[in-house]
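Here is a short report on a protein structure. Keep the sequence beside you as you read.

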Amino acid sequence: MPTVTVKRDLLFEALGRAYTDEEFDELCFEFGLELDEITSEKAIISKEQGDGKAEGASDTVLYKIDVPANRYDLLCLEGLVRGLQVFKERINLPRYEKIMPAKGEGQRLIITEEAAQVRPHAVAAVLRNITFTKERYNSFIDLQEKLHQNICRKRALVAIGTHDLDTVTGPFTFTAKAPSEIKFKPLNQSQEYTASQLMDLYRTDSHLRHYLHLIENKPLYPIIYDSNGVVLSMPPIINGEHTKISLNSRNVFIECTGTDITKAKIVLDILVTMFSEYCEKPFSVEAAEVIYPNGKTHIYPELAYRKEKVKPEFINKKIGISETPSNLAKLLTRMCLKSHVTGNGNNIEIEIPPTRADIIHACDIVEDAAIAYGYNNIQMTIPKTYTIANQLPLNKLTELLRLDLAAAGFTEALTFALCSQEDIADKLGMDISETKAVHIANPKTAEFQVARTSLLPGLLKTIAANRKMPLPLKLFEISDIVVKDASTDVGARNYRHLCALYYNKTPGFEIIHGLLDRVMQLLEVPPNQENGYMIKATEGSAFFPGRCAEIIAKGQSIGKLGVLHPDVITKFELTMPCSALEINIEPFV
Amino acid sequence: MSPGVAELLLQRLEREAPGPGPGGGLCSLEAAAALGLDHQTLVGAVKSLQALGEVIEAEPRAATRWELSAEGEAAARDGSPEARLFASVPAEGLPQSELLKLPGAQVGFSKAMANKWLRLDKEAPGGPRVFRAVAAVQDRVQESLRRVQRGEAAGLPERDRADLKRRKLLLEVTLKSYWLRKGSAFSTAVTRQETELTPEMIATGSWRQRPFKAYNFAALGLPPACGHLHPLLKVRSQFRQLFLEMGFTEMPTNNFVESSFWNFDALFQPQQHPARDQHDTFFLQDPAEAAELPAGYMAKVKKVHSHGGYGSQGYKYEWKVEEARKNLLRTHTTAASARMLYRLAQEKFAPVKYFSVDRVFRNESLDATHLAEFHQAEGVVADRGLALGHLLGVLAQFFAKLGITQLRFKPAYNPYTEPSVEVFCYHRGLKKWVEVGNSGVFRPELLLPMGLPEGVSVIAWGLSLERPTMVKYGINNIRELVGHRVNLQMVYDSPLCRLDA
């Protein structure tokens, strides 16, 4: 969930009133936001770097507000204020207007064949006669960063570049060149670098190094030039210093390039709807032309308004309320979805503004009506759905066995399903290839290399962590292990295992054997060869030679029991003899 | 202990301390002296008499006494080291090297110098030489020690006592003794009390004549030799029980490995969603891909993601089957719910209520409250005409069974539910609202491609098992609860799990 940090006093000024922290928290909650933290720059610095560093930092109160991940229109102060003011019916939602420049005067962005190979899409727009202040400027930069982190998927899908239009001359060319052929002065640097040098320069940059991989291994890097060969940006990494916007910039050229055209359009719409507020003609945006290599021309921003019709009874039924159509229209209008009743009250016509790309289905409209109505005002009803409950037979068996194993004097452990290769292979005297284990591709540490193929390592580690406890230690676990199995749709499956351990100064094989007898008695499997269970000598890498038996039940091998091999005991950092039992209980379901 | 001593003591008590109660009584030290016994022997007799019941009363007393150490005894007899040293220095003085060879010279010299009894001439011919600085001295240390010997320690100033103690001339000794009185069952004859009832006593009826030793009811009993259930799994049992009481049927969730298709795509979670990032989800290297995806259904999922349909605009991106095939460790049990709903859609529709409680996996950063695997409880109701109000109603019912009645609902965002609701409860300890669960109404883009009839709504909610368990059992670090680093003593000691209590 993205978090937006705003200055409290600035927020209240824009909202036209002050709130107590509690009141504002309440308002956020109702609207689906969360006032996550109340802090200040000083508090943040002293928390992160220590009190000493915070000396002289600002005491201005900051609100950190959690915004739902699909509400890009609330990611800046401007959007938050607009959303809340419309919600509280203090203002009407502004209408965003696209201004088409006179023929031949509009800005053009030409995508070349080379660019299309690397980063196929681009959109652009112009904010004319904008007035920045320090606060507005910061908010403009912050919003771009928030969009980059969220909908742009860390610039992989879309990257934004904003430029002082008065420093360059269109038309602009979006092309791609070999890194050695690109040379320009990047943002906040005092000299020119080639693209290859920039990659080295940014490798240690705490912020930019995260984006290098997006183009690093490509033969050609994307680059945008003006008609005089001035570099605007090298998306998705960095803009040029030449076109840097300042507080004095009056005309801003915005380009968004990327691999996902839908998201690029949304990002552009959000940027221009949020900041056109500060244009000479508020909420108006100058369109730009984007020309694809095939000659096709698109006009951006789209700023598309879409109309949806939803029946009032549908909304009422989906929420569980009974509001009049006009009330429902009012509720929706408060959510920036301008609505009115049509067709003799049979329909509500809803206009979805370009800021609300999250509204993709009638259910999204229903939710907004519910939010405006107030979730906590909705009558709670118990559904009449009549059903008979059933347990999953495997889980039912597990629950019953757990109780009786505890009654037999064993204590239940709960160990991780993920572990290291070493745990299930080397430490049990096996090669990893014998285990049929499922391997994880992206473990952050060795603890998450594989899914366990046996419960034994987890129990042994539990004992190792509890060596101070009085002996004997008697542990059990009934849980799932995972192995590869080509016969399932995903190629792997779980088996429900029962594992028990006895750890003491003597191996206690007879105790573990007795536990097996007890389990079989509980499962009504008699000790005989024909239709019951039996154990017979076998060898197992984890067991002491001559002290291991295979358990045969219902005509199949279900597991092993025996005295653990001293090597196994040592590898798990234990010192006492130990006997163990591990069986698959699925044949008994 | 010979019975003789106990009897001697009882007889002495009978003679010397006629009445029980505050009036009479004996000091064990005096009694031992009078009987010519070692005090420890007498204490042994007291202990054995106490074990017989109310024969005697013995009130423990402790007294502090000052005694001289061996060194102190010597100083009391011959004078303090400094005085002895002073006496050894003749009028014409003594070379320092020679002086320091005298017994006790080290201590005596520094003290005598500090008292300014002696003086050191470093410039003297033939090396430093020590002279008397005064004509005569008064040995106050010796006087004090002699007073202690006379039993007048209490009369010494506190400072002097402390000083002598620091010099290890004086010792503070604590002496434990008893004040003895007759008990309510006093008798001069020692009768042996029986400890336990025996089968023989029952058979012969001899128990009627025998006195029995009193039990100490203040002591704890012997812990039973038993096994124990794990506290988190006790909570899991209660959650299952609670869902069953509400008429919910358990879903199969015994498949940790899931395809991205069931974990994300089927749930209308777009392929660029951050949850599908390597940083959040464990993907598999082997088996890397799901071989089998339901072809017809998959085509519908692809269409609704990339182009929309069923009244939806869709996400408008290029949906790739390779992404859907990627195997992972399920990030939520909703993957299993998706499979169940798809199965349900293949039959003639009948309303269902499903639940599951099982493990899920996240490739997240670990801290005191987050592990890479945790348990998720999930409830799902599918029926015609279910509204948001029904979801809130079920949530209220469910949380009431968990003992949580103060609820508040917050609008939220989940990719697969709309409307979405976060459930908050008022935490009395923290005095604030805390999130306890997430819920919503499944999106039509999820249900309709499965083939569920229009008009069927599915409401669902989920919560982690670890969080309420940590609150319930007062555990701050999740590693003490889940995994091999568990504290077994905590498992042994964990109480019953009554969620509503």
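## Basis of the model

This is a predicted model, in which local features need pLDDT of at least 70, side-chain atom pairs count only at pLDDT 80 or more, and totals for chains, interfaces and linings use all residues. Residues are numbered from 1 along each chain as its sequence is written, chains are lettered from A and ligands numbered from 1 in the order in which they are written, and side-chain values use heavy atoms, with hydrogens and water left out.

## Where the chains meet

In chain B, 106 residues are in contact with 95 residues of chain A. Contact means heavy atoms within 4.5 Å. About 8,300 Å² is buried between the two chains, and carbon and sulfur atoms give 57% of that area. Buried area is the accessible area (1.4 Å probe) that two parts lose on being put together, summed over both.

There are 10 salt bridges between chain B and chain A. A salt bridge is a side-chain nitrogen of Lys or Arg within 4 Å of a carboxyl oxygen of Asp or Glu. B:R485 forms one with A:E447, and their closest N and O atoms are 3.8 Å apart. Helix α16 (residues 388-401) of chain B gives the largest share of the side that touches chain A: eight residues. Helices (H or I, at least four residues) and strands (E, at least two) are DSSP runs, numbered from the N terminus.

## Buried sites

Buried means under 20% relative accessible area, exposed over 50%, and partly exposed in between (1.4 Å probe, protein chains only). Helix α14 (residues 456-464) of chain A has nine of its nine residues buried, so the helix is largely enclosed by the rest of the structure. Among them are A:L456, A:K461 and A:A464.

A:N584 sits in strand β29 (residues 578-584) of chain A. Its relative accessible area is 15%, so A:N584 is buried. The side chain of A:N584 reaches the backbone nitrogen of A:E586 at 3.0 Å. This is a polar contact: a pair of N or O atoms within 3.5 Å; within protein, one must be able to donate a hydrogen and the other to accept it, and residues adjacent in sequence count only if both atoms are side-chain atoms.

B:S306 belongs to helix α13 (residues 295-306) of chain B. B:S306 is buried, with a relative accessible area of 9%. Its side chain reaches the backbone oxygen of B:K302 at 2.5 Å. B:S306 and B:K316 are 10 residues apart along the chain, yet 4.4 Å separates their C-alpha atoms.

## A surface patch

B:L197, B:I202, B:W207 and B:F212 form a nonpolar patch on the surface, with about 380 Å² of accessible area together. B:F212 lies in the loop between α10 (199-204) and α11 (231-245) of chain B. At 31% relative accessibility, B:F212 is partly exposed.

## Backbone exceptions

Most residues other than glycine have a negative phi, and most peptide bonds are trans. A:N129 is not a glycine, but has a positive phi of about 50°. B:K116 is not a glycine either, and has a positive phi of about 60°. B:K116 is exposed, with a relative accessible area of 63%.

A cis peptide bond joins A:G170 and A:P171, with omega about -5°. The bond from B:D286 to B:P287 is also cis, and omega is near -5°.

Definitions and conventions
Patch = residues over 30% accessible without salt bridge, like charges linked within 9 Å, V, L, I, M, F, W, Y side chains within 5 Å. Areas by Shrake-Rupley, 256 points an atom, 1.4 Å probe, with all protein chains shown as cover.
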